Structures are given as C-alpha cells and as structure tokens.
Amino acid sequence: MRVRTLINSLAAVAVAGLATAAVAGPADDFNAAYAEAEAASKQAVAMKTQWTTTVAELAAAKKAADAGKYDEAIALAQKAEALANASIAQAKEQQADWRQGVIR
Amino acid sequence: MLREILVLGAIAVGAAQTALAADTVDPAVEAKAFRAYFTDRFPKVTLDDFVNGPYSMDEGLRKQWKEIEEFPPYEFAVDKGKEMFATPFANGKTYGDCFSERGVGIRQNYPYFDPKSGQVITLDVALNQCREANGEKPLSFTGDDMAALTAYMAYTSRGKRFDIKLPDDPRARAAYQKGEEYFYTRRGQLNFSCASCHVQSAGNHIRTEVLAPALGIMAAMPIYRSEWGSMGTVSRRLTTCNSQVRAVPLAPEDELYRDVEYFLSYMGNGLPVSGPGARP
Amino acid sequence: MASTIRVRAIANGDTTEVQSLIQHPMDSGFIKDSKGELIPAHHIEVVQFEHGGKTVFTALWGPAVAKDPYLKFSFKGASKGDELKVSWVDNKGQSDSLVAKVQ
Amino acid sequence: MILSPDAPACARRTVLKGVLAGGLAGLGLVEASMLLPAYAADAAQWPQDAFKQKSEADALKALYGKTAEVSDKVNLDAPEIAENGAVVPITVTSGLPKVTGIAVLVLENPFTLAAAYKIPEGTQATVANRLKMAKTTKVVAVVESDGKLYSASKEVKVTVGGCGG
C-alpha cells in the first residue's frame, strides 16, 4: 500500500512537471528534472537498490536532451526519478519484509 | 511509465506485512528446515541429486544433459585450469603452495570464515590472495581464467561433501545472517529475491527453462552455461541473476555476495561437489 | 599448448565408437558483439577422420553447428592401438589435426 | 592450436596447403601434426552452395540434386524442448541399406542446412551432433540410401533466456 501511495504522488509530481515545462525554457526545465532524477538515483545506489531501468532511463534522458528533444528528455528524466524512488521504497519495505520468505 | 510502476505497485501490495522477529536464529536448525523444504517438495529427487540443479527435476532436460556430459564442453576449461594451476608464478611458487592438500580436493571447504579479516573468503578470493601474495596481479572475478582455475579445483573435489564451518564468532554469525537477508530480499524492478526463483519457484518453468533449486546450487559452481557458451564463475552467475531481475549488480565478490555464498553453501552442507557443472 | 581436438575412440568387438570435441567459436555471422557490430561468420567447414589410410567419416559443417562442436559416430574394422587421424579446416583457412589411439 | 594465419577467403582453397606447411615450418611446433604433414581436412569438398540455401528443397537440390521422401526408417532423436537453442543435441540413425550420407536441416534458421555427413562403406548410419537453433523450428534429418533420399522430421521448441539455471 505504501508503495502505491508514493507512486500516485510521484505521478502527480510528474504531471505538474510537464505542465510547467511549457512555460519556462526547455533546457532549464530539463536540467532541473535531471538533477532531481540524479539525486534519487544516487540515493538508490547508496542503498544498493538501484534498478537497471533507472540507469537506462537516465542515460536515455541525457541522450534526448543532447539531441535537443527536451520534452522527451524531461519525460524520461521524470520516469527515471519515479523508478529510483520506487526502488528506494522497495528497499525500505524489504528491510522488514524479507523475513517472510525465510524457510523455517 | 505508468504501466511499469503499476506492476511494481501490484507486487508490493500483494506482499503481506508480517515481520517476524529473527533474533533467535539457529543456523543448524535453519539448514535442516531448508533441506526438508526441498526434499518434501521433491520427494522423487534424492538428496545428492539436488546438486544437479534443474536436471534433477525435468526428464527432458536430464536426457539432454546426459548427452552433453558424454563429452562435456567444459573439458577445455578444466584442462586450461589444470595447466594454469601447475604453472609457476614469476617467483617460482605455484597455487598449490597457498592451499592445504596442495589445492587438490578442497573445494568443499569453501567459502570459509576467516577470523583474521573477519570476513568470508571464497575460493575465488583465496586464489587472488594467493596470486597477490606471490607478486602476481589478481584475475578478474568474472573472467575465463578464474572460471578455469575454479573449474579445475572443483573437478579434483568431485563427490567430496560440503563441510562449511560456522565458527562461534559473532562476526561469522553476522556474515551468515547478512547472506541470508540478501538471499531473501526482493530487488530489481521485477521485485524478485534469489528465493523467488530458487526456492518458491524451484523446478518451475520460466518460458521453457527450469529454475534450479537453491539447495546444492553452489555445489555445481563454476558452471558452463550454454547461454554463455563458456565457463562462468560464481560472480558471473550472481551478477547476471541480479541483472535479470533488473537490479544493478554489486561488484563481483562484494562482501554481500560472499555472505550469500556462505549462507547457501552452509545450507548445502553434506551434499557432494558436482562442479564444474553444465547448465542451459 | 593443448590441441583444439579431443577424441575418444573405443573399440568394442568389430565396431569402434568415436566421440570428438573441437574447441572452436563456430560464430554464426548473425550475432552482434558488445559494441553492436556483427561478428563475422567463423566456423569449421570440414572435419575428417582417417583410419588405415582410408577416410572413415567426413563432417561438412555450416555456421549452425554449436560452439565447441561435438560428434559421435561408429565405424568397423579398427582394433585397439590403431591410429585414428582427425583434422579440421575452417572458413578462414585455419586448421588443426591430431592422431588418437583407438582404446 | 591454430596453425595458419587468416588466408584471403577467395584464395584459400588453393593456398591452404602452402599456408599450412609454411606455418608449421615457420613456427616449428606441433609434434602430432609433424608426424603427418600430408594429412589435413580437404576444404575443397565443402558444398558452399548447399549451405547458402534458405529452403529444404533448395538445400537438398544443391547438396544431392534430388528430393527426399518421408520414411520411418530414418530416426531423428531431438528434444521436444531444447534447454538452450545454442546447444541442441541431435542424433540421426537409420536402418536403411547402403547409406552414403546424412544431412540435418533446421528449417527456421537463416540458412537451412546445418550439417552434412559422408558415410563411407564400413561406417554406421548414425551420427550425433549439437546444433544451434534460432527459434522454435522443424528439424529434418535426411539419409541418402542406395542413391535415394529419405527423411524424418521433428518440431523442437527453443527456449529464450530468463532466470533459468
């Protein structure tokens, strides 16, 4: 349940991010979105819970921005951030829940 | 994005929230329960046969395996390992000088807990320690040379029974528990633990492959995988397992990987060495 | 350096069963390397087995034969201690050969 | 032990023996091969055209110049489910008389013909090998007996990688 709530709020943030993108300069918006995604990604790495998909989406975001496709790049960065946050939520939940599977 | 995240959400919701107190863990009791889980679930499989992984559970696979074992593709790696093992370092010493019994027939004693460093030492780490003590550069933990050396050492130990010691040392106990936690912790975007595949789903088909049971899974290492077309180390297996569930792997022979090998090898105590193994 | 060829030839009465394994990549030409570039086809084309001055078996292989290829066949007329000559050549002109003793 | 360096593909049929001899003399190695300098697989007999064909009929026409009829005297032993498409054990045996050749075709592969074997007199009509299969496919075994072709086929399901093993 906790994960779903977190994800719903993340999706809301993502939609809000897209709305503001139309107003500010696209490169600035990308940099902001990318910085947030990178911060979440670094936290996931530190917790040893990073997902390969987060890494892939981050790289794809950077590539799209380099090609000048900022709308796409921002969407990708936001996806990476959502994935990183979901991986962090997973790790936190597993700190207690891993014991359920133990054979006794 | 939504679709992928919803998948995760659904899995997370499906998980129950019961957290058990595990302060009073007795590894010997756990190992017994671990073994009983598999022998109860697969009553037709003899205990020793679990070291043959998926081939103990599926007739069609077993037939193909037997055909491949008639002239196994890992023979080249074993021969290469044997040659490397006997070739002196620049200082004239050999691998045999670093090990008891000159390194022959000792696979079943690895990994072990080293009271000096307070860490788990796997055979792969011991081989690199041997190299470095003799002024040689360490080998890649995921490379063909390490796979060949460990394949040879396993080959000379075939049939010997695993004898993993858990000394009365809180650090050894902690390593065991960290390995256990790693084994049961869900990770990666697919939200799988090692146990998801190799305990709960052992013997099941994923597409048309059969998942190996966790009991005795270390006994076949290193393994020649048809998928790789080559011999691969324990590190190669663990890192690819992580990638397959979309988790970024740890560094090869990371402390946690060594701990999980320690845990799994302890669970398989008494089972015979079957490595090097051939696997799909 | 070890040979690329492993052979087991076992005589049982009049018939000798031969098994061989050859170390060779058998690249199909359809697989990409880690950089995404196609690895060119590199496969054994011909393997020959000779006993007593006579070819007893010839394999003609395309790129669909598995890596480190395996073969099993049986022929008549050999005895323990006889020589069995094995040789291969691939599409790059590389080759190897070996003389094995029938057991 | 690879004896010769890469020879240009177009010229290799004619230069092969020279390259081999040069490689041996130049490097001065290989005791086993030194004993039999004249013995080497004959690359000229490789049926290049047959291995390029994309259908069963075209491959058999290129290889044998004829078509095959289905026969229960051709036994094809192949797994129903291949543990890995990279290594699929296939055995062909036949009780037919005067067998001179065996071929194995993997119909869904980019090139249909996988392997062909010449069976001289005194050699049994049986061969086991390991083949690669790109996907689930029909496998056809063809046996040349007394100048005619006979075949048997079987479907092999091919796995895709996953968290197996």
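Two strands count as paired if DSSP finds at least two bridges between them. Keep that in mind for the sheets today. One caution before we start: this is a predicted model.

Let's take chain B. Three of its strands form an open sheet, in the order β6-β5-β7. The pairing in this sheet is mixed. Which strands sit at the edges? They are β6, residues 230-232, and β7, residues 277-279, and each of them pairs on one side only. Ignoring direction, neighbouring strands here are turned against each other by 35 degrees on average. Now one pair in detail. Strand β5 of chain B covers residues 223-225, and this strand pairs with β6(B) in the antiparallel sense. Three bridges hold that pairing in the assignment.

Next, chain D. The chain has 165 residues, and 43% of them count as buried. Its secondary structure comes to three helices and nine strands. Reading from the N terminus, the elements run α-α-α-β-β-β-β-β-β-β-β-β. What about contact range? Take the contacts in chain D with a separation of 6 or more: 60% of them come from residues 24 or more positions apart.

Zoom in on β8 of chain D, residues 137-145. How many of its nine residues are buried? Eight are, so the strand is mostly covered, given that buried means 20 or more other C-beta atoms within 10 Å. β8(D) has a partner in β5, residues 99-106 of chain D: the two pair antiparallel over seven bridges. In that pairing, D:Gly101 stands opposite D:Glu144 of β8(D). β8(D) also pairs with β9, residues 148-158 of chain D. That pairing is antiparallel too, with nine bridges. Here D:Val142 has D:Ser151 of β9(D) as its bridge partner. β8(D) and β9(D) form a hairpin with two residues between the strands. Look at D:Asp146 in that hairpin: its phi is positive, near 50 degrees.

Now the interfaces. Chain D and chain C first. The contact takes 46 residues from chain D and 42 residues from chain C. Which elements of chain D supply at least two residues each to this side? They are α1 (12-27), α2 (31-34), β6 (113-118) and β7 (126-131). By class, the chain D side divides into 31 nonpolar, nine polar and six charged residues. There is strand pairing across the chains as well. β5 of chain C, residues 70-76, pairs antiparallel with β7(D) over two bridges. C:Leu71 has D:Asn129 in β7(D) as its bridge partner.

Then chain C and chain B. This contact takes eight residues from chain C and seven residues from chain B. On the chain C side, three are nonpolar, two polar and three charged.

Last stop, one residue in chain A. A:Thr53 lies in helix α3, residues 52-66 of chain A. Why does A:Thr53 count as buried? Because it has 21 C-beta neighbours inside 10 Å, and the cut-off is 20 or more. Set aside neighbours within four places in sequence, and A:Thr53 is in contact with A:Leu83, B:Gln189 and B:Arg246. One distance to finish: A:Thr53 and A:Gln90 are 37 residues apart in sequence, and 14 Å apart in space, C-alpha to C-alpha.

How values were computed. Residues numbered from 1 in each chain as written. Chains lettered and ligands numbered in written order. Predicted model: local features only at pLDDT ≥ 70, side-chain atom pairs only at ≥ 80, totals over all residues. Buried ≥ 20, exposed ≤ 12 C-beta atoms within 10 Å, placed from the backbone. Helix = DSSP H or I, 4+ residues; strand = E, 2+ residues; numbered from the N terminus. Contact = placed C-beta atoms within 7 Å. Nonpolar A, V, L, I, M, F, W, Y, C, P; charged D, E, K, R; others polar. Axes fitted to C-alpha atoms, helices over the stretch in contact; angles between N-to-C directions.
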